[in-house]
Amino acid sequence: MNWLNTVLLILGAFLAVFVECAWETPRQWLGVQVDLLPCLVVYAGLTSETVTLALVTALGALWFDSLSANPLGGSLPALILLGGVVRRYRDLIVQDDLRVQMMLGGAASASAPGITLLFLLSLGYEPLVGWFTLWQVGVMALS
């Protein structure tokens, strides 16, 4: 296991959460908070060990939830599921093709809010969901 890679990915997760919470411009212009963690989890699933993936996923999700309106651990199941699926099938994925990387990142960014929404609904929370949610998921997938 390469500890430098692990430390850099964890630092990347911390910086991704910081940028998401501190950078207000996309939220003001588009009405959407850009989520960078699913793409980072896909990258960690493609390139690193299982321990590194687990650390990046768990720490990133907990940092994100501590600074958002989600309950603590609310985004953890979505990121674990995404990272686990990518890690499981990474031998079948063409990792060097830029188009494949963009499609995986877009699919992860679009599916993570849906999985989190299903998880929160199953726990009895009542998140705000409407037609504008489709716009938000679309913008996050493209970003």
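The following dialogue explains how terms are applied to this predicted model.

Modeller: In this predicted model, local features need pLDDT of at least 70 and side-chain atom pairs count only at pLDDT 80 or more, while totals for chains, interfaces and linings use all residues. Residues are numbered from 1 along each chain as its sequence is written, and side-chain values use heavy atoms, with hydrogens and water left out.

Biologist: Why is threonine 116 called buried?

Modeller: Buried means under 20% relative accessible area, exposed means over 50%, and partly exposed lies in between, with a 1.4 Å probe and protein chains only. Threonine 116 has a relative accessible area of 11%, so it is buried. Threonine 116 belongs to helix α6; helices (H or I, at least four residues) and strands (E, at least two) are DSSP runs, numbered from the N terminus.

Biologist: Which residues is threonine 116 in contact with, leaving aside its neighbours within four places in sequence?

Modeller: Contact means heavy atoms within 4.5 Å. With those neighbours left aside, threonine 116 is in contact with Gly74, Ser75 and Ala78.

Biologist: What makes serine 109 buried, and why does cysteine 39 count as partly exposed?

Modeller: Serine 109 has 3% relative accessibility and therefore counts as buried. Cysteine 39 has 32%, so it counts as partly exposed. Serine 109 is placed in helix α6, and cysteine 39 in helix α3. Leaving aside neighbours within four places in sequence, serine 109 is in contact with Asp35, Pro38, Cys39, Met140 and Ala141. On the same terms, cysteine 39 is in contact with Gly105 and Ser109. The C-alpha atoms of cysteine 39 and alanine 141 are separated by 9.9 Å, and these residues are 102 residues apart along the chain.

Biologist: Why is α3 described as largely enclosed by the rest of the structure?

Modeller: Eight of the eleven residues of α3 are buried, so the helix is largely enclosed. The buried residues are Leu37, Pro38, Leu40, Val41, Val42, Ala44, Gly45 and Leu46. They pack against α1 (3–22), α4 (50–66), α5 and α6.

Biologist: What makes phenylalanine 14 and tryptophan 63 an edge-to-face pair?

Modeller: Rings of Phe, Tyr and Trp (its six-membered ring) pair if their centres lie within 6.5 Å; planes under 30 degrees apart count as stacked, over 60 as edge-to-face and the rest as tilted. A search of the whole structure finds one aromatic pair. The ring centres of phenylalanine 14 and tryptophan 63 are 5.2 Å apart and the planes are at 80 degrees, so the pair is edge-to-face. The pair links distant parts of the chain, with phenylalanine 14 in helix α1 and tryptophan 63 in helix α4, 49 residues apart. Phenylalanine 14 is partly exposed at 42% relative accessible area, and tryptophan 63 is partly exposed at 26%.

Biologist: How do you know that arginine 88 lies over the face of tyrosine 89?

Modeller: A charge sits over a ring if NZ of Lys or CZ of Arg is within 6 Å of the ring centre and within 35 degrees of the ring normal. Arginine 88 lies over the face of tyrosine 89 at 5.4 Å from the ring centre.

Biologist: Which helices supply at least two residues each of the lining of the largest pocket?

Modeller: They are α3 (37–47), α5 (76–88), α6 (98–122) and α7 (131–142). The largest share of the lining, six residues, comes from α6.
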